[in-house]
Amino acid sequence: MTYSQIRLFFYDQLKAIYSANEINGLWNLCLDFIVNKPKLFFITHPEHKISQAQTLEIEATVERLKLHEPFQYIVGKAWFCDQIFKVNSSVLIPRPETEELVHVVCNEIKSDACSVLDIGTGSGCIAISIKKLKPHCSITAVDVSDEALDIARQNCKQLLAKDSISFKKADVLNPDFGLLFQSKFDVILSNPPYIPSDTANTIPLNVLKYEPHLALFCNDDPLQFYKAIIAHAENLLNPGGLLFFEVHESFANDVLNLLNTNPFKDSLIIKDIHGKNRMVRSTRA
């Protein structure tokens with residue numbers, strides 16, 4: 001098929017399920033990960049022949065997209081901070097909002113040699129991206145899932161030197177979490193689960209059906225993980241150390257209030273590019 005023909009097929013097959021903007025985004029991912037040519041190329045080459053192998057892969061992808069399977073899981077790859085990360089159903093698909101968290105953290109790090117703890121690392125996208133931007137930082141990344149840690153280690157090996165990040169299995173809800181670490185940190189950050197399990201039916205099907213519930217859902221308290229991390233951060237952060245959270249916009253003020261009742265100062269909410277309350281930052285007194 002030509003580019004024009006396969007594009008028409010793609011849009012026609014998915015128009016009853018996805019919005020026009022969603023299909024545009026999915027098609028751009030097809031160009032990135034299946035066709036391996038930039039969109040600009042096809043503006044001047046609309047009749048360029050798509051190989052039979054690529055045509056078959058696009059057709060198979062369309063069938064899986066009809067079942068609401070996320071494109072990133074179909075191809076096993078996702079963009080994050082201009083890098084391609086390996087992903088599967090053991091880890092959340094990296095979001096653009098989390099890229100903003102990485103840049104906020106890196107802009108606030110004063111010393112290139114600071115120590116950073118990433119809690120709930122998943123694919124390792126946050127920890128690896130910070131290491132890329134701040135190569136002299138010492139970074140520890142933890143997760144409760146063996147499968148997620150395996151993906152994170154693979155991404156680290158692919159994108160960085162093999163042992164440039166220390167990965168540990170740990171459950172932040174365990175009261176003994178802090179005993180795993182021999183020293184304190186200058187920065188702690190997390191994008192923890194914050195969706196109450198009893199509201200699962202309110203989230204999109206492609207998320208509910210395919211993304212790991214362990215990384216999505218807390219108990220019926222949306223602040224469950226924030227409370228645990230803040231409690232541990234009292235002992236794990238150096239004086240003047242920074243604590244960062246990614247949050248759901250509905251819970252930003254609640255997280256801020258938690259910090260106002262603990263030994264932290266200068267706590268504030270940071271909006272994302274869409275003007276939503278997306279991050280909370282605080283300093284250990």
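Contact here means heavy atoms within 4.5 Å. Helices (H or I, at least four residues) and strands (E, at least two) are DSSP runs, numbered from the N terminus. This is a predicted model, in which local features need pLDDT of at least 70, side-chain atom pairs count only at pLDDT 80 or more, and totals for chains, interfaces and linings use all residues. Residues are numbered from 1 along each chain as its sequence is written, and side-chain values use heavy atoms, with hydrogens and water left out.

Start with helix 2. Leu 26, Trp 27, Ile 34 and Val 35 of helix 2 meet Gln 54, Glu 57, Ile 58, Thr 61 and Leu 65 of helix 4. By class, this contact has six nonpolar, two polar and one charged residues. Ala, Val, Leu, Ile, Met, Phe, Trp, Tyr, Cys and Pro count as nonpolar, Asp, Glu, Lys and Arg as charged, and the others, Gly among them, as polar.

Two packed helices are described by the angle between their axes and the distance between the axes. Axes are lines fitted to C-alpha atoms, for helices over the stretch in contact, and angles run from 0 to 180 degrees between N-to-C directions. Helix 2 and helix 4 pack at about 140°, with axes 11 Å apart. That angle makes helix 2 oblique to helix 4. Angles under 35 degrees count as roughly parallel, over 145 as roughly antiparallel, 65 to 115 as roughly perpendicular and the rest as oblique. The crossing of helix 2 and helix 4 is right-handed, meaning that the near helix is turned clockwise from the far one by less than a right angle.

Which residues of helix 2 are buried? They are Ile 23, Leu 26, Trp 27, Leu 29, Cys 30, Leu 31, Phe 33, Ile 34 and Val 35. Buried means under 20% relative accessible area, exposed over 50%, partly exposed in between (1.4 Å probe, protein chains only). Their cover includes helix 1, helix 3 (39-44), helix 4 (52-65), helix 5 (71-75), strand 1 (77-80) and strand 2 (83-86).

Now the loops. Ala 16 sits between helix 1 (3-14) and helix 2 (20-35). Ala 16 is exposed, at 76% relative accessible area. Its C-alpha atom is 9.3 Å from that of Lys 66, 50 residues apart along the chain. Asn 36 is not a glycine, yet its phi is positive, about 60°. At 54% relative accessibility, Asn 36 is exposed. His 68 lies in the loop between helix 4 and helix 5. Phi of His 68 is also positive, near 70°. His 68 is partly exposed, at 25%.

Turn to the cores. A nonpolar core is a set of buried Ala, Val, Leu, Ile, Met, Phe, Trp, Tyr and Cys residues joined through side-chain atoms within 4.5 Å. The largest has 36 residues, and Leu 117, Phe 177, Ile 188 and Leu 243 have the most contacts inside it. Helix 11 gives the most to this core, six residues. A second, separate core of 32 residues includes Val 102, Val 116, Ala 152 and Met 279.

Finally, helix 11 (residues 224-236) meets helix 12 (residues 252-260): their axes come within 11 Å and cross at roughly 25°. Helix 11 is therefore roughly parallel to helix 12. Tyr 226, Lys 227 and Ile 230 of helix 11 make the contact with Val 255, Leu 258 and Leu 259 of helix 12. These residues divide into five nonpolar, no polar and one charged.
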